[in-house]
Amino acid sequence: MVKGVIHHAIQIDEAKCIGCIHCMRVCPTEAVRIREGKAMIIQERCIDCGQCMRACPAKAFYIKQNDLKMLQDYKYRIALFPAVMIGQFPDKISEEQIYRAMIDLGFTHLMEVEQPIRILIDLTKEFLQENQTSKPCISAFCPAVVRLIQIKYPSLIDSIIPIKAPHDLAAHFILQSLMNEGAKKEEIGIFYITPCAAKISAVKSPVGDEPSVVSGIISMSDFYGKVRQAIKWEEAGDTQTQRKNLTREGILWSTSRGESSGFGNRAIAIDGIHSVVKFLDRLEKDEVKGFDFLEMRACDQSCSGGILMTGNRFTTTERLEQRSKKYVTYKEKELPDKLDKSALAQHLVIDEIAPHNAFRLDDDISKAMEKMSKAQRIICFLPGIDCGACGAPNCQALAEDMVQGQAKMSDCIFLQQRWQNEGKIGVEKAFLNLEKKWGEGRFNADCNKRGRRNEGF
Amino acid sequence: MIELKFNIEGGDFDSAGTASSETKKKLQQLNVDSKVIKRTVVALYEGEVNIAAHAYRGVVTVKVSDHQILAILKDEGPGIADISRAMMVGFSTASPKVREMGFGAGMGLPNMKKNADDLQIESTPGVGTTVTMSFVF
């Protein structure tokens with residue numbers, strides 16, 4: 001089913017999955033199904049937004065990441081991280097202490113990805129100036145949004161600004177800076193500490209052609225714990241030079257309105273994947289007109305609300321706002337003289353964003369129409385309750401799964417009940433069908449079941 | 001052939017947009033070219049808004065066959081007295097109230113014509129209007 005190689009970071013631990021339907025309910029692209037009592041992801045439809053992971057009461061979703069031991073392989077060990085990392089710590093822990101603890105964990109260089117943000121701002125302004133036709137332009141900042149457009153709104157691909165995200169910029173920036181100082185490329189290990197799953201997929205399989213320069217990925221939730229443990233309370237050293245390029249705009253970049261406040265006369269910032277979906281629907285119909293720039297982020301409160309963030313998203317944003325006041329604006333900050341800006345700009349170009357219709361019933365339109373007619377007939381028999389007990393997110397999705405040969409009429413518990421009432425199917429057979437769907441013994445009384453021990457939803 | 005039907009009430013701007021949204025979903029499932037989908041939903045949305053803005057009620061019918069999309073927007077309403085004027089960019093009979101909602105710029109019909117491969121209007125003043133659009137792929 002998967003066409004092209006798209007790396008998805010989100011994985012399901014089957015041992016932990018309790019086979020409920022929370023993940024399936026919240027998925028914005030209907031990519032989750034429950035089969036044989038376990039959640040599974042339709043890879044082609046997944047945009048790595050992480051809604052499933054957030055909704056899971058059993059913590060069965062996890063992301064693939066690299067081990068910090070990998071640091072040993074490199075002479076220069078760079079931690080790339082967005083500013084929201086700092087924002088999630090309690091006020092009593094200073095920026096200095098956080099930086100010191102990260103160095104104690106084995107890194108030689110710490111790079112908040114928004115440090116060279118000026119380059120991105122200049123490139124984007126230039127693009128908006130030159131490109132007046134496909135407005136409003138959509139930022140490519142959030143990889144989940146880009147993937148969503150690829151699979152669900154292909155006609156809007158041309159509206160995406162083909163400029164990569166701050167982590168790409170920062171990776172090339174530090175690489176160039178270190179190599180200017182005489183470091184060899186193979187001695188440099190760049191580790192991206194990610195606030196979400198989408199950024200991982202973006203690093204592992206970028207939208208454009210160019211391979212990533214990032215050597216490893218570390219989950220911010222794990223890393224946050226390690227840094228908290230490594231915080232020292234005695235007088236910390238001075239790590240100021242590690243953030244010498246940081247600016248006010250940079251610190252706020254990944255929070256809501258971080259981008260939109262600086263671009264165009266009329267700009268909108270949208271956060272939360274379901275709000276993004278609704279807005280893209282309107283955009284596709286040309287219902288929304290007159291705007292220059294659209295900032296769209298999959299997470300509520302943007303990256304402060306990333307699925308791998310430990311801190312509360314509102315306090316994280318507030319701390320960043322306070323912190324940003326201590327830094328100068330990018331307009332007052334000169335980038336290093338030696339920097340080859342045009343080389344960096346080259347690395348930031350997205351060559352092509354390919355459309356990939358993940359909702360087609362068939363490649364062939366006649367066959368697709370047959371399947372659609374069939375699904376419309378099936379719908380007549382389904383109850384329209386959208387309960388999810390069949391393992392599909394709603395009756396419509398179940399009907400579509402059926403015409404694709406992925407589900408059966410008997411998956412609908414209400415239909416089964418009706419068949420029993422009409423004497424078309426035995427009670428035993430009906431129950432067996434249920435167990436087949438949800439797992440043997442799934443309906444036995446069990447005091448360890450979720451909800452039993454003061455763990456209501 | 002796939003047929004979709006939607007009812008629109010005059011003045012109901014909340015629901016104007018349902019027909020185009022639902023049609024878009026179906027066309028995507030049928031794997032219709034995204035550029036054709038775009039043209040169709042833009043024109044259809046304009047048509048829905050027209051019905052909400054001017055008519056008492058209307059029915060939108062979308063028929064998809066393997067080489068074209070046919071959209072028929074039939075309304076009961078005041079009708080259009082002068083069709084050629086209505087087709088002019090900037091001409092609008094929308095009420096100030098409708099204009100305040102951001103509609104009524106006189107771009108509706110011209111924009112529908114621009115996006116459709118063919119557009120036909122039949123109208124009887126005092127009875128209603130039927131707009132038929134086709135999109136070929």
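Is A:Gln301 buried or exposed? A:Gln301 is buried, with a relative accessible area of 19%; buried here means under 20% relative accessible area, exposed means over 50%, and partly exposed lies in between (1.4 Å probe, protein chains only). A:Gln301 has a positive phi of about 65 degrees although it is not a glycine, and its place is the loop between β11 (293-297) and α12 (313-324) of chain A.

Before the tour goes on, a word on the ground rules. This is a predicted model, in which local features need pLDDT of at least 70 and side-chain atom pairs count only at pLDDT 80 or more, while totals for chains, interfaces and linings use all residues. Residues are numbered from 1 along each chain as its sequence is written, chains are lettered from A and ligands numbered from 1 in the order in which they are written, and side-chain values use heavy atoms, with hydrogens and water left out.

## Domains of chain A

Chain A is assigned domain 1 (10-63), domain 2 (68-126 + 160-258 + 302-347) and domain 3 (365-438), with bounds that come from an automatic or database domain assignment. The centres of domain 1 and domain 2 of chain A, taken over C-alpha atoms, are 29 Å apart. Eight residues of domain 1 of chain A are in contact with nine residues of domain 2 of chain A, where contact means heavy atoms within 4.5 Å.

About 600 Å² is buried between domain 1 and domain 2 of chain A, and carbon and sulfur atoms give 68% of it. Buried area is the accessible area (1.4 Å probe) that two parts lose on being put together, summed over both. A:Asp48, A:Arg54 and A:Ile63 supply 75% of the area that domain 1 of chain A buries against domain 2 of chain A, more than any other three residues.

## Where chain A meets chain B

Between the chains, 27 residues of chain A are in contact with 23 residues of chain B. The area buried between chain A and chain B is about 2,200 Å², with 52% given by carbon and sulfur atoms. A:Lys285, A:Met369 and A:Met372 supply 30% of the area that chain A buries against chain B, more than any other three residues.

Three salt bridges cross the interface of chain A and chain B. A salt bridge is a side-chain nitrogen of Lys or Arg within 4 Å of a carboxyl oxygen of Asp or Glu. The elements that give two or more residues to the side of chain A that touches chain B are α6 (143-152), α11 (273-284), α14 (365-379) and α15 (395-403) of chain A; helices (H or I, at least four residues) and strands (E, at least two) are DSSP runs, numbered from the N terminus. The largest share of that side, seven residues, comes from α14(A).

## A covered helix

α15(A) deserves a look of its own: eight of its nine residues are buried. These buried residues pack against β2 (32-35) and α14 of chain A, together with α1 (18-29) of chain B. After α15(A) comes A:Gly405, whose phi is positive, near 75 degrees.

## Salt bridges

Over all chains, the whole structure holds 27 salt bridges. Here are some of them, with the N to O distance.

| Salt bridge | N to O distance |
|---|---|
| B:Lys24 and A:Glu284 | 3.0 Å |
| A:Arg33 and A:Asp401 | 2.5 Å |
| A:Lys135 and A:Asp292 | 3.9 Å |
| B:Glu76 and B:Arg57 | 2.8 Å |

The salt bridge of A:Arg33 and A:Asp401 links distant parts of the chain: A:Arg33 is in strand β2 of chain A and A:Asp401 in helix α15 of chain A, 368 residues apart. Both A:Arg33 and A:Asp401 are buried.

The salt bridge of A:Lys135 and A:Asp292 also joins distant parts, 157 residues apart. A:Lys135 is partly exposed, with a relative accessible area of 25%, whereas A:Asp292 is buried, at 17%.

In chain B, the side chains of B:Glu76 and B:Arg57 meet in a salt bridge. B:Glu76 lies in strand β3 (residues 68-76) and B:Arg57 in strand β2 (residues 57-64) of chain B, so the pair ties together parts that are 19 residues apart in sequence. B:Glu76 is partly exposed at 42% relative accessibility, and B:Arg57 is partly exposed at 37%.
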